[in-house]
Every structure is written in structure tokens, then in C-alpha cells.
Amino acid sequence: MACDVERVVEGRPTRPATLHMTLAFLGERQEEEVRLALAVGAWIQVPRFELVLDRIDRWPNGIVWMGCSKAPWELGALAHALATGLEDAGFRVAEPPFFPHVTLMRRSRGRLEGLATEPIVWSVAGFALMESQRLQSGAQYRELQVWPLT
């Protein structure tokens with residue numbers, strides 16, 4: 001990682017295998033609803049794009065996250081198309097509204113001020129529907145479907 005946040009801030013780091021950006025959180029769903037969400041994902045057409053993660057911050061609940069100073073329009077279009085499609089299909093998309101970030105650490109303590117980071121350029125070529133399972137070791141994700149961006 002371009003920023004060694006673990007050396008500066010105490011907390012529970014996110015395992016590298018579980019780093020992700022949530023576009024829409026659906027919660028626990030029945031099999032029929034999962035099939036419907038898969039159908040929604042299949043019709044979304046957004047161009048590929050590059051996302052520059054260049055900002056680290058923390059929310060009052062202790063979550064340290066990395067985000068972008070300026071989100072590309074394609075990311076907004078992807079999140080909007082997904083939320084609109086899901087709502088049209090009868091899903092209630094969880095609040096708060098989409099905020100592009102990757103969670104780096106939970107239950108953090110320590111100062112973030114002055115923490116420098118090199119930007120991370122993320123070439124976004126697709127998006128996925130993931131299933132989450134809570135285990136004692138933390139969340140584990142299983143890919144249900146990946147859709148390429150155009």
C-alpha cells in the first residue's frame with residue numbers, strides 16, 4: 001500500500017483480500033432477490049475508468065478510509081445506474097448515499113494529521129455482486145457475478 005497507515009494508527013486493519021468499494025449495500029436477500037439483482041447488474045453500461053485514491057480520513061466511529069479528492073463521472077454514473085435499477089426492481093438501497101471509499105481500518109486510535117500517501121490509481125474495468133459471510137476471523141466475500149464495463 002502506498003501509505004503505511006498501520007505504523008501510525010492503531011486499530012484493526014482490513015485484510016487485503018477483502019478490500020473493496022461498495023456501490024450499493026443490499027443486506028441479506030433471498031435467492032429470488034439475488035437473481036433479480038443479477039438481472040439489474042447485467043443491463044448497466046458504463047465506460048471503463050481510472051479512479052485515483054488520494055485521500056485518507058477517519059469517521060467518528062473509528063473507520064479509517066481511503067477515497068478520492070475528485071471522483072470520475074463514470075463512477076458516479078455507475079453508482080447511480082445501479083441504485084436506480086435496484087430501486088426500480090423493488091429494492092430499498094441502504095442509506096447513506098454512495099460515498100466512494102475503501103475501508104482500511106476499523107476501531108482506530110491515533111492521529112491521522114500529517115499522514116502522507118501516494119495516490120493509488122485503480123483501473124476499474126468491471127463491477128461485481130458479492131455475497132458476504134461473517135466469520136470469527138472477519139468478513140469473507142464470495143463473488144456471485146462480475147460485469148465488465150464497456
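**Exercise 1.** Which residue forms a salt bridge with Arg109, and how far apart are the closest N and O atoms?

*Solution.* Keep in mind that this is a predicted model.
- Step 1: look for a carboxyl oxygen of Asp or Glu within 4 Å of a side-chain nitrogen of Arg109. Glu10 is the partner, with the closest N and O atoms 3.2 Å apart.
- Step 2: Arg109 belongs to strand β5 (residues 101-109) and Glu10 to strand β1, so their contact ties together parts that are 99 residues apart in sequence.
- Step 3: check exposure, where exposed means over 50% relative accessible area. Glu10, at 51%, counts as exposed, while Arg109, at 48%, counts as partly exposed.

**Exercise 2.** Work out where the salt bridge between Arg35 and Glu31 sits, and how exposed its two residues are.

*Solution.* 
- Step 1: the N to O distance for this pair is 3.1 Å.
- Step 2: helix α2 holds both residues, four residues apart, about one turn of the helix.
- Step 3: Glu31 has a relative accessible area of 60% and is exposed; Arg35, with 48%, is partly exposed.

**Exercise 3.** Which residues form a positive surface patch?

*Solution.* 
- Step 1: the patch consists of Arg12, Arg15, Arg106, Arg107 and Arg134.
- Step 2: take Arg15 from this set. Arg15 sits in the loop between β1 (10-13) and α2 (31-42), and its 35% relative accessibility makes it partly exposed.

Technical notes. Residues numbered from 1 in each chain as written. Predicted model: local features only at pLDDT ≥ 70, side-chain atom pairs only at ≥ 80, totals over all residues. Heavy atoms only, no water. Patch = residues over 30% accessible without salt bridge, like charges linked within 9 Å, V, L, I, M, F, W, Y side chains within 5 Å. Areas by Shrake-Rupley, 256 points an atom, 1.4 Å probe, with all protein chains shown as cover. Lys, Arg positive; Asp, Glu negative; His and termini not counted. Charge placed at Lys NZ, Arg CZ, Asp CG, Glu CD. Helix = DSSP H or I, 4+ residues; strand = E, 2+ residues; numbered from the N terminus. Buried < 20%, exposed > 50% of the residue type's maximum accessible area, 1.4 Å probe, protein only.
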